[in-house]
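Please look over the sequence and the model before reading on.

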Amino acid sequence: MTNLGNASMSNNIILLVGRVLLSFMFIMSGLQKFGGIEGTAGYITSVGLPAGTALAWLAAIFETLVGLAILVGFQTKAAALLLAAFAAFTAFAFHYAPADQMQMINFMKNLTIAGGLLVLFVAGPGALSVDARRGGAAYA
């Protein structure tokens, strides 16, 4: 394997590790919501959003499925863009509270995660992904 090949494989491994790390929070958060949908619904309505229960179910399903898509590298660019928008929306809708240091840390974390997902959107999932196996344009 040439140096270019080694660099390419290293980049693909790093992209895989990045996808695993980015997806973990969404998958776990989605699964946890299934176990406590009432609490999630209450939190949603507490910030003034309507239909808390419906949104809680949608969030649980969305986070789990789109998180899994990032994990395995399926439709990665679309999934990354969707999760970036979700992370940015939830940052502002649920965590923007300048007087509350913990909420502001969560706000900044969400925006940081959105940034990482935008980088994944541009970079693509790498060769160690379903997208690459399927030969999709989203792989590149």
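The model is predicted: local features need pLDDT of at least 70, side-chain atom pairs count only at pLDDT 80 or more, and totals for chains, interfaces and linings use all residues. Residues are numbered from 1 along each chain as its sequence is written, and side-chain values use heavy atoms, with hydrogens and water left out.

**Nonpolar cores**

- The largest nonpolar core has 15 residues, and Phe26, Ile70, Leu83 and Leu117 touch the most other members.
- Two or more residues of this core come from each of α1 (3-35), α3 (52-72), α4 (76-95) and α5 (101-123); α4 gives the most, six residues.
- Apart from this core lies another, of six residues, including Ile37, Ile44, Ala56 and Ala60.
- A nonpolar core here is a set of buried Ala, Val, Leu, Ile, Met, Phe, Trp, Tyr and Cys residues joined through side-chain atoms within 4.5 Å; buried means under 20% relative accessible area, exposed over 50%, and partly exposed in between, with a 1.4 Å probe and protein chains only.
- Helices are DSSP runs (H or I, at least four residues) numbered from the N terminus.
- Leaving out residues up to four places away in sequence, Phe26 touches Glu63, Thr64, Gly67, Leu83, Phe86, Ala87, Ile113 and Leu117 (contact means heavy atoms within 4.5 Å).

**Largest pocket**

- The volume of the largest pocket is about 590 Å³, taken as the space filled by probe spheres set on the grid points, which are joined across faces, edges and corners.
- A pocket is an open set of points on a 1 Å grid over the protein atoms alone, where a 1.4 Å probe fits, with protein on both sides within 12 Å along at least five of seven lines; lining residues have an atom within 4 Å of a point.
- Of the 24 lining residues, Lys33, Glu63, Phe86, Thr90 and Phe94 are the closest to the centre of the largest pocket.
- Helix α4 supplies the largest share of this lining, six residues.

**Aromatic pairs**

- The whole structure holds six aromatic pairs, and ring pairs join Phe92, Tyr96 and Phe107 into a cluster.
- Rings of Phe, Tyr and Trp (its six-membered ring) pair if their centres lie within 6.5 Å.

**Two single residues**

- Asn12, in helix α1, counts as buried because its relative accessibility is 11%.
- Thr112, in helix α5, counts as exposed because its relative accessibility is 59%.

Definitions and conventions:
Rings of Phe, Tyr and Trp (its six-membered ring) pair if their centres lie within 6.5 Å; planes under 30 degrees apart count as stacked, over 60 as edge-to-face and the rest as tilted.
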